[in-house]
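Good morning, and thank you for coming.

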Amino acid sequence: MYLSRFLSLHALWVTVSSVMQHYPSVWGHYDVCKTQIYTEEGKVWDYMACQPEARDMIKYVKVTLDPPDITCGDPPETFCAMGNPYMCNNECDASTQELAHPPELMFDLEGRHPSTFWQSTTWKDYPKPLHVNITLSWNKTIELTDNIVITFESGRPDQMILEKSLDYGRTWQPYQYYATDCLDAFHMDPKSVRDLSQHTVLEIICTEEYSTGYMTNSKIIHFEIKDRFAFFAGPRLHNMASLYGQLDTTKKLRDFFTITDLRIRLLRPGTGEIYVDEQHLARYFYAISDIRVYGRCKCNLHATGCKEENKRLLCECEHNTTGPDCGKCKKNYQGRPWSPGSYLPIPKGTANICIPSISSIGNCYCNPFGSVHDRCNDRGFCECKEGTSGPKCDKCLPGYIWHSLGCQRK
């Protein structure tokens, strides 16, 4: 008796554990698009909101410089050492691999020793401004999930703007301003992300926190994604359910973390002092050794996969959706208007699947022998009997054969 009860409990635990493996955790990972469940009418699909895993998006980026000839080395020129601004015998030469600093060295993982980096020409045309635009393009809508981090090898710039685009570079809007003196550079009072709140998280600020000039130990600039997440999810991001709920109900908030392109506008190199030393202009240039951008493909909560095809990222759409971002219903599945998935209710969300068009299922009538009912359910599907499949439940699954009364085992 006890052995029988133990085996029954063990079987129940195995069943529950198996089911839980297919469901998102309480925090809402949304890593499954559908799973099979048992109902009084048999085995059916249960659909849920889903999204791809976050990844290193720099692997898929295309970089463009403006002006295009701003990279040093053509013609060759000398510049001052990073640690000693008066030791100006370093050379940049595009024709020699060991002395070249092309744009791809902003992203290389291994690199040569010392650390590899892209470098601009020096500020030899002072007082004409040394302006550089670095555009990062993905040809895909991306949802940012971690801080944007830029590492400079030349000392951080005195003035810089980080911009974003949501329409593949056709229009731009500022993400954040950076300056040694925000009021002088951009007519803005200096702030940090710590000065923001849930109600002001979308405010575009100017920060002086990352613009300390020509110092070799001050290389990194952040755009703080996680600190903004923390206003909703808590300081350690333990309450992601709260964040997802806010993203679901506040379109402007979700759009704030969504991009197709980023643009780094370098407006004034780090000088380290009030006045520019015109006798040593080879001290002033831009050099970037690393850029990090982490995010996920935006698939409107209709996919868990995102693949690279013809040098472009594409969502592997589920829920009868299609398109680069799963932004429309597939042919014959336009029984109601397309809608993005929803994070709510936590933890599974709502799939908002595309349902069959009326014309595609024969005026919503189901095969009377293969379907539980003669008409489709409120989601637009025929509910098939065991061994039966197809929009009208008129086809047999492998291992079954059609008889006069429907599909039966062979």
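Helix 4 gives the lining of the second largest pocket its largest share, four residues. Please note that this is a predicted model, in which local features need pLDDT of at least 70, side-chain atom pairs count only at pLDDT 80 or more, and totals for chains, interfaces and linings use all residues. Residues are numbered from 1 along each chain as its sequence is written, and side-chain values use heavy atoms, with hydrogens and water left out.

A word on terms. Helices (H or I, at least four residues) and strands (E, at least two) are DSSP runs, numbered from the N terminus. A pocket is an open set of points on a 1 Å grid over the protein atoms alone, where a 1.4 Å probe fits, with protein on both sides within 12 Å along at least five of seven lines; its lining residues have an atom within 4 Å of a point.

The second largest pocket has a volume of about 520 Å³, that is, the space filled by probe spheres set on the points, which are joined across faces, edges and corners. Its lining has 26 residues, and Gln51, Thr145, Met240, Tyr244 and Arg296 lie nearest the centre. At least two lining residues come from each of strand 8 (132-144), helix 3 (225-233), helix 4 (240-249) and strand 16 (294-297).

Which residues of helix 4 are buried? They are Met240, Ala241, Leu243, Tyr244, Gly245 and Leu247, where buried means under 20% relative accessible area with a 1.4 Å probe, protein chains only. Their cover includes helix 3, helix 5 (251-256) and strand 16, judged by contact, meaning heavy atoms within 4.5 Å.

Let us turn to Ser342, in the loop between strand 20 (328-329) and strand 21 (388-389). Ser342 counts as buried because its relative accessibility is 13%. Its side chain makes a polar contact (a pair of N or O atoms within 3.5 Å, one able to donate a hydrogen and the other to accept it) with the side chain of Asp248, at 2.8 Å.

Finally, strand 15 (residues 287-292) is mostly covered, with five of its six residues buried. Strand 9 (residues 148-152) runs antiparallel to strand 15 and is joined to it by four bridges; strands pair if DSSP finds at least two bridges between them. In this pairing, Val149 stands opposite Arg292. Strand 7 (residues 118-119) is also antiparallel to strand 15, with two bridges, and Gln119 stands opposite Ala287.

How values were computed: Buried means under 20% relative accessible area, exposed over 50%, partly exposed in between (1.4 Å probe, protein chains only).
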